[in-house]
Amino acid sequence: MRLRFAFRLYQRRLRQPLRTARDAQISVRSGIWLRLETETELRWAEIAPWPSFGSETFAEAIAFCEAFPAEPDWMDLAAVPATLPTCQFGFGCLREPIRTGLLPTSAVLLPAGAAALRAIAAAAPATTYKWKIGLDWESELELLLQLDRQLPQSAKLRLDANGGLTTAQADRWLQALTAINERQPGRIEWLEQPLDPNQVDGLLKLAQNWPQVPIALDESVSQLPSLQFWQTQSWPGLYILKPAIAGWPQTVLQFCQEHRLPVVVSSMFESPIGWRSVAAIAAQLGRADQAQGLGTTAWFADDWESKTAAALWQHPSNS
């Protein structure tokens, strides 16, 4: 029996728009589902581009799928260029599915700005929270103390600037965060991507100057080559890995394991098909005592998490 390949586009609306320092507002998440029929099973995977994080565009991913053979061989599944890292992830999951029965704990992803305070009040208490900053850093600094007071006493807080701060602003943030950690060690788990990924020396200097607040790289390590670069720099902080845009999943997984990188795996608001593969990677790479960045499912108002891949395939739009 020949392999049979098909793809289908989907759209999924968020409960509320997502705002970051890199993306002004995202209300609908779009992606591509992949289906491969083998001699023994149906395999499912996902391509979910995010160009502002260094991936290919949605149009480029669609064009690749349109040109892909309807009856490929196994070598075709391995012939995805490095310029299409989300396509590599999707076709890599078709070629060699990543599965696990474990589901890691996840941090609660808070909305930006003052909406974070309302989200904490409305949600069940959690052990770890992540707050997006870098949109209006002065007002956010003022909100920080309110946020600290409102969080559960034993909870940890991660802050993600998405590369939206200047060096001077990052120093101000790290001064405030250091004061919190001096008062309650470990309260601030890390500051994520304070500077633009191009500011290599600046990021290394921040990590050296502010040892009481770990710094995590995110956009700086969004694809495998940049992950490899920072490993050669002996980066002293953490690596936020987004497998869905990083390239071949098996290669990325092997690299992180071989070099024992301190990795926290993060979702990119994939649908359940892609999210399950990301969660499987998180189960293999993440520390048992550290929440992973998989809390994106709560941002959708639909019931897709309860559906099988086959059921989702029949209803690809929720826009």
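Modeller: Happy to! A residue counts as exposed when its relative accessible area is over 50%, and as buried when that value is under 20%. Please keep in mind that this is a predicted model.

Let's begin with the sheet itself. Seven strands form an open sheet in the order E4-E5-E6-E7-E8-E9-E10, and their pairing is parallel. At the edges stand strand E4 (108-110) and strand E10 (263-265); each has a single partner strand, so one side of each is left without a neighbour in the sheet. On average, and ignoring direction, neighbouring strands are turned by 25° against each other.

One of the pairs to look for is Lys-132 with its bridge partner in E6, Asp-160. Helix H11, in turn, packs on the sheet, where H11 touches strand E9 (238-241) and E10; the direction of H11 makes about 155° with that of E10.

H11 also has a helical partner. Two packed helices are described by the angle between their axes and the distance between the axes. For helix H10 (residues 249-258) and helix H11 (residues 272-285), the angle is about 15° and the axes are 11 Å apart. Angles under 35 degrees count as roughly parallel, and H10 and H11 are therefore roughly parallel to each other. Their crossing is right-handed. From H10, the residues Pro-249, Leu-253, Cys-256 and Gln-257 meet Ile-281, Gln-284 and Leu-285 of H11. Sorted by class, this contact has five nonpolar residues, two polar ones and no charged ones.

The phi of Arg-260 is near 50°, a positive value in a residue other than glycine. With a relative accessible area of 76%, Arg-260 is exposed, because the cut-off for that word is over 50%. Ser-234 sits in the loop between helix H8 (224-232) and E9. The phi of Ser-234 is also positive, near 55°, again in a residue other than glycine. Ser-234 is exposed too, with a relative accessible area of 57%.

Among the buried residues of H3 are Cys-87, Phe-89, Phe-91, Cys-93 and Leu-94.

Methods:
Residues are numbered from 1 along each chain as its sequence is written. This is a predicted model: local features need pLDDT of at least 70, side-chain atom pairs count only at pLDDT 80 or more; totals for chains, interfaces and linings use all residues. Side-chain values use heavy atoms; hydrogens and water are left out. Axes are lines fitted to C-alpha atoms, for helices over the stretch in contact, and angles run from 0 to 180 degrees between N-to-C directions. Helices (H or I, at least four residues) and strands (E, at least two) are DSSP runs, numbered from the N terminus. Angles under 35 degrees count as roughly parallel, over 145 as roughly antiparallel, 65 to 115 as roughly perpendicular and the rest as oblique. A crossing is left-handed if the near helix is turned anticlockwise from the far one by less than a right angle, and right-handed if clockwise. Contact means heavy atoms within 4.5 Å. Ala, Val, Leu, Ile, Met, Phe, Trp, Tyr, Cys and Pro count as nonpolar, Asp, Glu, Lys and Arg as charged, and the others, Gly among them, as polar. Buried means under 20% relative accessible area, exposed over 50%, partly exposed in between (1.4 Å probe, protein chains only). Two strands pair if DSSP finds at least two bridges between them.
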